[in-house]
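Hello,

Here is the structure I promised to pass on to you.

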Amino acid sequence: MKRVPLSELERIYEALKSYGSVWVRKKNAYETAETPEELLSTVSKVKKPAKFIFLPEEEPLLAFVQDGKNVTFQEVIREAKGVIFGIPPCEAKAISLLDLNFLQGEGEDIYYKKRRENVLLFGLACLAPDSRCFCTTFGYGPFTESFTDIFGVVVDDVLLFEGITEKGKDLVKNLDVEDAKGEELKKLEAMKKEITERVKKLDIQGIQEKLARMMDSEIWDKISSSCLGCGACTYYCPTCYCFDIQDVERPNWGYRLRTWDSCMFTLYTLEGSGHNPRPELKYRWRNRLMHKFNYYPVLYQEFGCVGCGRCIEVCPVNIDIREILMEVKNEPIRA
Amino acid sequence: MLEAKKINKNPYMPEKARIVRKYDLTEDVRFFQIRIINPDLVLPLTSSYKPGQFMMLSIPNVGEAPFSITSTPSRPGVFEFCIRKVGKLTTKLFELKENSVVWLRGPFGNGFPVEQMVGKDLLFVAGGLGVAPLRSLLLYALDNRELFGKIFYLHGARTPKDMLFREEFFRLKERDDFECYLSVDSDPLGVWPFDIGVVTDLFKYVKVNAANTAAVVCGPPVMYKFVVNKFLELGVPDNQIFMTLERKMKCGMGKCGQCVVGHKYVCVDGPVFTLWDVKNIRGLI
C-alpha cells in the first residue's frame, strides 16, 4: 500500500486530473472537483449514486436530421472520462451489477460500455456506515476493495491506497508517493474490523429459493398496501437500471432518447392494446423484489441489491426493505 | 438452418426501409410489405430470420415498437407485417403512403424452434391478430412441405369481416396437402360459408399423432387457457406446445427490463414459450 498525507492530496489530484474529470462526493450527487481540497469530502452516502455517471437519467441514443424529405440517423454517444474519487464499496459493487446487465449477452450496450471503460473507480473505505446500511448481508463490507480500480482508506490524516485492477495499478505506479508505514497498516486492520462489525447484517439465507415459491403469496398485498408507487426507491437505487426509449421531436430534427423508467409505475408495462400484465401495485412490488432477490441470482448468481439503504431513506411512507426481507423469510408457505 | 443476421453494429441504429405495398385486411388492421433499402442487406436479412421473430419498427419523431414478422424467410425480399391501429406509432404508420420510409432493426426474439418441429405433425390455432406470427410459420412449413407431417391450421375471428388474410386462407383451404379450418364467433350478415362458433370447436376436425405433434397457439390473452386445454386433451406434451406472447418492449435485447417476466425476457427468451415454460414461470400469461 502507498501513503499520502491528506495535506498533500494535490499530488494525487493532478495525476487523476490528467486522466480526465475528477468526480467527488457532494451531498446530492457526484460532481467534478475544482480544487484538490474537494477530495477531502466527508459525505459518506451521496444521495444520487454513481450510476448517474454511467447511465444518465436521460441520454440521446440517436439523432435524426431532416433534410427535405430525407431523414438520416446519427449515432450520439455521450462520453465520460475520468476518475470517481471516493466511491464507497457498495456503489462500486452496484456498478459491477449493472455491468452484468449492460455488458453481457448479445446486446452489449455500447453507450454504457464507452463510459464504463473510460471512468476509473477510486474507491474509499466507508468509515461511517449509518443505521440503514446492511451491506455485509451481501458478502462484502465497507472495506471491500475488489469492485474498484484503486482502493484507499483514510487513516487519521493520511490516505493509504493501492491499485486493484491493471488500470488502477498503472495509475498508482506513476505517482511519486511513499509506501505505507507498518503502524498505519496495523491501525487500518483494527478500523476495518471495528467498522465492518458496526454494520447490521441480515440473515437472508435461502431467500432466493423462498421467493421462488411465493408467487401467489398474500404477502404482496400486505407489502404493497402502504406503497404510493412513487418510484423514489428505484430512482435512487444504485442497481436499478430499467429504461424507456422515446422519440423527441424538434423542428427539422429530433432524437431517440433513453430515459430511466421504473417498474413501480402503472405505465411501465401497459401495452398499446390496453392490456397490462402487471395491473396492480402488488404485481409491481412482486416484480421489484423478485428481480433483486430471485431473478438476478438465477441469471447471474448475484443479488441485485447492495444494502446501501437509499430506498429506506427516501421512501415517503417508510417502507423498509430489510423488514420486507424478514417478512418474506418468516412467511409460512402453504402447500 | 435459419440463423438470423443482425443489421448494425450499434443495435439501436435502425436500417432504412420502404413501404412497398400496403392494404387493409380489416377496418383497423393493415398489411405492410416493407423492403430494406440497402440492396446488400435485402437478401441476407429477409432469408435468414426465424418464423416467430419480431422487428422493431420506427418512425423518427414518433417512436418505435415491436411487430411480429408475418412473412416467411422462404419467400425473401420483403418483410411483411400485419398491424392494428391502436396507438401513436401505428396511427402515424397508417397515414403513410406506399414508398414512404420507415426504419427497422432486428430481427429479435427466439422465434419458433423450427428444427425441433421437423418430422412432426403441426397444429396451429390462431385467434384474431394472433395470425401474424403463425402465418410466418405456416407459410414456412407449406414452402418446406416435405419436412413436416400432417398440418392442421385452425383460425378463429369474431365475424367474417374481422377475418385477417381472408382471401389468402380461402385460397389455401383449397390445397389438399394440409387441412385449414376457419371459423367466426358470429355471422351477423349470414355470409359465412364455414364453421360458426369459437375456435376450439374446430378441434373436432383435428387428427394428429399427438405425441409427435408441435402445437402452436397465438391470439388474445383470454384464448390461451381454452386452446391449451384442448392441446392437452389431445395428448400433446407440454414441451411441444408453443405459444407466442407479447409485452411492451423498448430495447429488444434484454436490457431495458420492460418485458421481463420472471427471470425471462420476452424479447430474448421469447416471444415463443412452451407450455412447460408457462407452467414454471408465473406471470407469462
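This is a predicted model: local features need pLDDT of at least 70, side-chain atom pairs count only at pLDDT 80 or more; totals for chains, interfaces and linings use all residues.

In chain B, strand S12 (residues 241-244) and strand S15 (residues 272-274) pair in the antiparallel sense, with 3 bridges between them.

Together with helix H6 (residues 223-234) of chain B, S11(B) and S12(B) make a right-handed β-α-β unit.

Which way do the residues of S12(B) point? B:Ile241 and B:Met243 point one way, while B:Phe242 and B:Thr244 point the other, and all of them are buried. In a regular strand, side chains alternate between the two faces of the sheet.

Over in chain A, helix H10 (residues 281-300) is worth a visit too. Its 20 residues should span 28 Å at 1.5 Å a residue, and this agrees with the 26 Å between its end C-alpha atoms. H10(A) does have a kink of about 55°, centred on A:His291. Is this helix largely enclosed or exposed? Because 16 of its 20 residues are buried, H10(A) is largely enclosed by the rest of the structure. Just after the helix comes A:Gln301, which takes a positive phi of about 60°.

Enjoy exploring, and write back with any questions.

Best wishes

Note on methods:
Residues are numbered from 1 along each chain as its sequence is written. Chains are lettered from A and ligands numbered from 1 in the order in which they are written. Side-chain values use heavy atoms; hydrogens and water are left out. Buried means under 20% relative accessible area, exposed over 50%, partly exposed in between (1.4 Å probe, protein chains only). Helices (H or I, at least four residues) and strands (E, at least two) are DSSP runs, numbered from the N terminus. A crossover is right-handed if, with the strands pointing away from the viewer, the path from the first strand over the helix to the second runs clockwise. Two strands pair if DSSP finds at least two bridges between them. The expected span of a helix is 1.5 Å times one less than its number of residues. The bend at a residue is the angle between axes fitted to the seven residues ending there and the seven starting there.
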